[in-house]
Amino acid sequence: MSHILTELTEVLEQRKQAAADSSYVASLHHKGLNKILEKVGEECTETLLAAKDAEHSGDTRELVAETADLWFHSLVMLSHLGLSADDVMQELARRFGLSGLEEKAARGQTD
């Protein structure tokens, strides 16, 4: 599955330089970080609501779709800031094998 993230990262990078009217991602990049963050926030809220609905209905299709939207817009955000899914994967790999409590303590977090 990591090949999908690699391919998506390449497309997102290409779209940063594309004309704003050539693609949705290009239009987001041209509108700037605030617009991208607005979309991430919107997708986050929709994901939370879908999770609540899934808990009650047992139907997880909308949750999966909204999570995909959230991840996608998060990747656009990372791309806009010169980062990629690989940066996040490296951080997850660094944390792998650490207890969540140990990892939070290392960052000075308590909750």
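User: Helices are DSSP runs of H or I, at least four residues, and strands are E runs of at least two, all numbered from the N terminus. Which element gives the most to the lining of the largest pocket?

Analyst: α4, with six residues. This is a predicted model, where local features need pLDDT of at least 70, side-chain atom pairs need 80 or more, and totals for chains, interfaces and linings use all residues. Residues count from 1 along each chain as written, and side-chain values use heavy atoms, without hydrogens or water.

User: What's a pocket here?

Analyst: An open set of points on a 1 Å grid over the protein atoms alone, where a 1.4 Å probe fits, with protein on both sides within 12 Å along at least five of seven lines; lining residues have an atom within 4 Å of a point.

User: Which residues are closest to its centre?

Analyst: Leu5, Trp71, Phe72, Leu75 and Ala85, out of 14 lining residues. α1 (2–16), α4 and α5 (85–95) each give two or more.

User: New topic. Where is Ala20?

Analyst: In the loop between α1 and α2.

User: What does Ala20 touch?

Analyst: Ala26, Ser27 and His30, leaving out residues up to four places away in sequence. Contact means heavy atoms within 4.5 Å.

User: And how far is Ala20 from Gly108?

Analyst: They sit 41 Å apart in space, C-alpha to C-alpha, and 88 residues apart in sequence.

User: Last one. What does Leu12 touch?

Analyst: Val25, His29, Phe72, Leu75, Val76 and Ser79, again not counting residues up to four places away in sequence.
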